[in-house]
Amino acid sequence: MSEKKKPKIKVLDWPAVPTPTPDEVYAGVSDEAKAYNLWLESVLRQEFNANKPEALQGIRVLDVTQKAIIGHWCSSLFAELGAEVIMVEPPGGDPLRKLTPFGREEYMFADKETGEKVGARFLAECRNKLSITLNLETEEGREILRKLAKHADVLIENYPPGQFDEWGIGYRQLSEINPRLVYCWVGQKGQWGPDKDKPWALDPVAQNACGFTHGTGAPKQMGGRPVRSGWWMCDQVGGTFAAIGIMAALYARDSFYGKGQFVEGTGAEGVIRILDYNWAWYGMDGSIRPRYGNWDLAINIYAVNPCADGQIMVGGGHDRLWYRIWRTVGKEKPELEDHIVEDPKLRVVTDRLPHHMQVKTYTCLVEWMREHTRYECETALQEEEVASGGVAFIDEVCEFPHYKYRGHLEVIDDTLYGKVLIGSSVFIGYRTPGRVKWIGRPTGYDNEDVYRRLLGFTRYDLEKYKKLGVI
Amino acid sequence: MTIPKELKEMTFEDFCRTVFNPKKRHEKPEVLKGKRGISTTQYILGPSCAAYLAELGAETIKVELPRRGEPMRHTTPFNEPFLYPLSRWMPDKGTGLGFFGANHNEYFITLDFHKPEAIEIMKRLAAKSDFMAENYRAGTFDRWGIGYRQLSEVNPRLIYQWMGGFGGWGPGRNRASYDILGQAQGGCFSVTGLQREFGGLPSKHTIWIMDYWGGAMSAFQILANMWWRDNISGLGNFMEYSQVHGAQRHLSDIIALYGRYGLVAQRWGNWDVLLCVHGIVQCGKSSYPGSKNPQEQEEGYCLISAYEDEDYAALCNMIERHDLAEKYPEHKDRLDPEAQFEIYAAIEEWAADKTKEEVAAICDQYGLIAQPVMNSKEVSTNPHWQERGTLQWIDDPTFGDVFAQVGGYLMSDTPPRCNWVFKPVGADNDYILAKLCGFTGSEIAKLEAEEVI
Amino acid sequence: MSYFKQTSLIYECDCGVINYFDPFTFWNFKGKVKCAGCDAIYYMEIEEGQRTKGPDKADPPHDKLPGFAETKDWKAITDPDKVNPAPQARPDFQGKPIPIVRNVRGKLVSGRPLTPEELIGSRPRFIVEGKIRKNND
């Protein structure tokens, strides 16, 4: 898009609408009724985080991944809980730094010191991390990595399968240097096996390979086709499972095992682990899970359907909620309520599951919802204590009073990048909450600190390696 | 401590195959041997958290309501597959497959928390446990005398993880949530689905992702806190996981774009906003023209990834559209939305007379990465996953030969494992109450008669 | 006039059959649908869920079938020639519990209702024993 066509957006400071105060939130609630909620606030609020210890204090992680988000996501979880995470990037930086939606450089983030631009995708997973550069294609670079590995508890890498082993810096070699090292490879489908990864395969390879894409989107009969997740979902789920594997290995090491081990986490396997009943269902009778759009194969009512100003989720999988939903509809359209509750085919919970019963249910529900906005539907259903919620776009998400109040979103006032709004750490806790301390670092910003501190480099060493293109 | 010579001399692939061999899982120690957890959870978010830790060897005790068990047992796709019995008291009912995958390796007991004896039993269990996963409405357990404040007095080392939809404080604290409500209100729908130009609406992720993945985040947090407790502090902890918060964590990058530039990200279908060509295209032919299964009669889809300049040039060569190579020489040019519409349309035109496998094979010849969209049968029968132990036939002691997902990650020395997929309601009442709560056979019978268990 | 003559997404045909235009397929729709009861063809336009035109009698062929239909005495019409067919996981898909004792690879699995006599504790006897006795299956 040319500069001329670019819309001028006046950007308000976040939050555009002030965050509610505790007095507003608990107005009219009796002391007894709010006592537990206030106790939770007193022990969990993120404003107290800095008073509290960090769970993974003293753990050092080398994040030697690039191009994909899986490794950075994985190391973010450690960084949020207090581990020292060092991103080891190729000179010039991880290529992911340069990616920005539709290539729009004007929507990148520059730091105050170097002016280097970084895309939001990379910056979001740089939290609390240090950045150093190292050229692993040189033998000197690999030798430096071997030395760094002595100082590390965890190393995460995502190079092509076997590449590090060939280079003499794989698990087999580094575990000789540092037997306590937990070494993790991350990727899409795996570093070994009949269908192993091709070099630098990226999400959505995993989404397609694990059956996720086939099952997402509307059924063909209803004009749909398979759809991938809107983000690199497999990377983020697989990265989470890789983090569980690494954390388990650290726990084993320090409680009884005494040494590290080899861990592997992939986007596809993380999602295969959580793909509901797909495998059990196939195993029982050969069923292939069909796509079912925004409805659910196993629960009715439990779906997102359109309404006057977008789409809304309504949930009520059991009888109590079922009748409450139709009572809500019936207040305005008694004919619709009668039409549902009098239908002998819909009396029993399980009888409501076959497809055509779901068509009837949701067509009748939407016949009511089509005339109402998300807010009106939600308010009406709330009166009957039915869970519902509109499909929210990201501006609505960022201004959602509940999320602002709880700090799901927070502005990181970063010394280098200025104010950046992010999704905060989900690790909320009484004693060791997760936290975001800084948003990220320009490429190689911590070369001097890390190489001096861990490897005793002098200014001459740093200069020499820089000249050789090693760091 | 060094790696044996024969392992060093193998090819890397054989080395991996050896150290990760899923058949040897039971020859290796369990990470959480001797650790115990309680899971008072329903649906998927809480149960899955406990199940991941049970796969690592924790003795995890799942507490359900007597008789019917938890609601998820009564959900199954299109009301078809069930595993029987639901319990020894209801052998003609079954557990639906909605319950599957979120309850591996657990012990199943029942308790009616409205009875004082049940509260006493919970305290006895908590006194002997390392972690607890709980997802009742915030404050309910506290009111019953078995919340963190009371249980931490019984056992200061207890790590208590509460999980729920909106969290226990704030304006929305009383709202119930489900997985897709979290997806909808968290923002996940808004960026997933076919483009507006193709008539697409915001779409859900087919899996209960906010639940299952939220459980994984919680399991990670529990493990990290067990590490902190056992190596640093000796203290337990109380943690809160809010499902909707997870959605914001997932979408942190587009939140940053909103915060600074006011951009509201939209769905971009099967293509990618950061890379081009890196999208899923329709391949006109079905791979199984003779199949009677509608899932197999569908035309195929395949990811083609060729975003680097030289790969893109090869792609244009492959589809014989040299004009497109000239028109969009740089990655930045190709990423433009209008360019994406043109390029993907040209690829789909080329793929219209091919199956997804044919497309992938031709891409392979041109050195491009391609990945067909696989259905759950193709995934289930792909030897790759069974060789790696990701998917495994389990000889379940109760339900027989079942096909299950295991672990979600590989570990060479202390791997996760699946011993059984789940058990009927109350199947371990006798064992657990005798072992951990000091009840005799006649006392257990009395508890059952009084409907405490 | 019957209530379902005036609604947007549900339509009662003159033949008495109630046709359902599911929001997935018909939220934005311009074209002809066929009544599942009498095969009458109607042209209609639906914009964002609101019926803005029709239904007017029209000539074949139709563009789409209704998502579901039923008679006034609650009889479901699910014939694939009459209403849009259900997404299917298998060719013999039924949408109700199918009792099975052998899984896709022919091994024993406890997929059918049991009687109290068929249990050992909480476990099915035939799974514990690893075989099906002729008289109880």
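This report describes selected features of a predicted model.

## Basis of the description

Residues are numbered from 1 along each chain as its sequence is written, while chains are lettered from A and ligands numbered from 1 in the order in which they are written. Because the model is predicted, local features need pLDDT of at least 70 and side-chain atom pairs count only at pLDDT 80 or more, whereas totals for chains, interfaces and linings use all residues.

An open sheet of seven strands runs in the order 14(A)-8(B)-7(B)-6(B)-1(B)-2(B)-5(B), and its pairing is mixed. Strands (E, at least two residues) and helices (H or I, at least four residues) are DSSP runs, numbered from the N terminus; two strands pair if DSSP finds at least two bridges between them. Strand 14 (428–429) of chain A and strand 5 (107–110) of chain B stand at the edges, each with a single partner strand, so one side of each is left without a neighbour in the sheet.

Within this sheet, strand 7 (residues 159–164) and strand 8 (residues 237–242) of chain B pair in the parallel sense over six bridges. Gly164(B) has Ser242(B) in strand 8 of chain B as its bridge partner. In general, strands of a sheet pair through backbone hydrogen bonds, either parallel or antiparallel.

## Domains and a helix of chain B

Chain B is assigned domain 1 (20–248 + 387–449) and domain 2 (278–373); such bounds come from an automatic or database domain assignment. The centres of domain 1 and domain 2 of chain B, taken over C-alpha atoms, are separated by 42 Å.

In helix 19 (residues 429–437) of chain B, the buried residues are Asn429(B), Ile432(B), Leu433(B) and Cys437(B). They cover an arc of only 95° around the axis, which puts them on the same side of helix 19 of chain B; the arc is that of the directions from the helix axis to the C-beta atoms. A residue is buried if 20 or more other C-beta atoms lie within 10 Å of its own, exposed if 12 or fewer, and partly exposed in between, with C-beta atoms placed from the backbone. The buried residues of helix 19 pack against strand 2 (59–64), strand 5, helix 4 (116–127) and helix 20 (441–449) of chain B. Just after helix 19 of chain B, Gly438(B) takes a positive phi of about 70°.

## The form of chain C

Chain C contains two helices and 11 strands. The radius of gyration of chain C is 23 Å, well over the 14 Å that the globule rule gives for 137 residues, so chain C is more spread out than a compact globule. This radius is taken over C-alpha atoms, and the globule rule is 2.2 Å times the number of residues to the power 0.38.

The C-alpha atoms of chain C fill a box of roughly 65 × 30 × 25 Å, taken along the principal axes. Buried residues make up 39% of the 137 residues in chain C.

Most residues other than glycine have a negative phi, and most peptide bonds are trans. Tyr43(B), in the loop between strand 1 (36–40) and helix 3 (45–55) of chain B, has a positive phi of about 60° although it is not a glycine. Tyr43(B) is buried, with 22 other C-beta atoms within 10 Å. Arg67(B) also has a positive phi, of about 75°, but is partly exposed, with 14 other C-beta atoms within 10 Å.

A cis peptide bond joins Trp14(A) and Pro15(A), with omega about -5°. The peptide bond from Pro60(C) to Pro61(C) is likewise cis, with omega near 0°.

Methods: Two residues are in contact if their C-beta atoms, placed from the backbone, lie within 7 Å.
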